Amino acid sequence: MESTASTTQTPNANSSQTSNEKQPYVSHQIDVNGHIDYSDQENAIWQALLNSQAQQIPNRACSEYLIGLDKLNLPTTKIPQLYDIDTVLQDTTGWQTAAVPALISFGKFFKLLANKRFPVATFIRRSEDMNYIEEPDIFHEIVGHCPLLTHPAFAAFNETYGKLGLNASKEERMCLARLYWFTIEFGLVGQSSDQGKESRRIYGGGILSSPSETVYALSDDPQHQPECREFDLLDVLRTPYRIDQIQPIYYAIDHLDTLFDIVDSDIMSVVKKALSLGLFEPTYPAKNA
């Protein structure tokens with residue numbers, strides 16, 4: 001099953017709950033002062049996740065992400081308030097966050113991005129989902145994406161993506177979802193053949209908010225090594241994916257500013273071509289019904 005636009009609005013394949021299934025995540029409500037009171041347990045999860053990623057991210061994330069992370073100056077022992085994140089984003093690229101439930105509609109997602117507002121689900125994962133979570137929690141959104149929202153190319157890509165999605169058909173939106181997935185969510189940067197694999201770094205928030213996938217994405221273990229392909233817009237739009245497992249394929253752009261080049265291209269004409277050609281064969285096993 002594919003995400004409808006990003007992990008910010010990944011649909012749940014199993015909407016019914018039984019006593020043996022874990023309960024769905026529920027976002028916190030912001031009070032009149034824009035504040036959320038998180039529990040000690042929730043703050044402890046944030047601290048554990050941040051400590052884990054502090055060991056993995058510095059040698060794997062792209063330099064632009066690390067600069068943005070420094071700008072955010074995230075608290076280490078408690079979940080940050082969105083108004084503190086907004087102050088930094090507004091000062092750098094004019095963006096701000098928008099508190100949302102875990103699942104939002106296509107229309108709302110695109111509208112928020114088109115208006116330079118990044119959706120953030122105000123809940124944090126449980127301990128059993130520490131390494132990987134299908135739903136987009138606040139750690140995913142704040143630590144995975146917000147550092148790069150301080151960068152002009154990343155910010156411009158998200159804004160343009162939102163505007164394109166607002167005017168797209170249902171089929172085109174599903175195609176655009178693959179573009180977002182293999183860039184903003186699970187993108188790598190660095191393709192210089194003379195520098196080799198060591199030049200590759202991570203910029204996708206879906207990777208950088210997952211302790212296990214942060215290590216896996218740049219693994220040189222031949223037994224557990226993902227496939228990395230050079231970014232090609234048409235190929236990206238034709239590549240299927242699953243949201244419930246670590247990715248078998250990543251696409252790498254040359255530089256973060258390559259996102260400017262993608263924005264300046266005729267994305268929708270390539271979307272139409274991709275729809276006419278259809279999807280590639282999946283490289284992952286079929287999901288059990």
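When I speak of contact here, I mean heavy atoms within 4.5 Å. The model is a predicted one, in which local features need pLDDT of at least 70 and side-chain atom pairs count only at pLDDT 80 or more, while totals for chains, interfaces and linings use all residues. Residues are numbered from 1 along each chain as its sequence is written, and side-chain values use heavy atoms, with hydrogens and water left out.

The protein chain has 12 helices and six strands, taken as DSSP runs numbered from the N terminus (H or I of at least four residues for helices, E of at least two for strands).

Let me turn to one helix pair. The axes of helix 4, residues 106-114, and helix 6, residues 152-166, come within 7 Å and cross at roughly 135°, where axes are lines fitted to C-alpha atoms over the stretch in contact and angles run from 0 to 180 degrees between N-to-C directions. Helix 4 is therefore oblique to helix 6, given that angles under 35 degrees count as roughly parallel, over 145 as roughly antiparallel, 65 to 115 as roughly perpendicular and the rest as oblique. On the helix 4 side, the residues in contact are Gly107, Phe109, Phe110, Lys111, Leu113 and Ala114, and they meet residues of helix 6 that include Asn158, Tyr161 and Leu166.

At 16% relative accessibility His151 counts as buried, that is, under 20% relative accessible area with a 1.4 Å probe, protein chains only. Neighbours within four places in sequence aside, His151 is in contact with Glu64, Thr93, Leu256 and Asp257.

Terms used. Buried means under 20% relative accessible area, exposed over 50%, partly exposed in between (1.4 Å probe, protein chains only).
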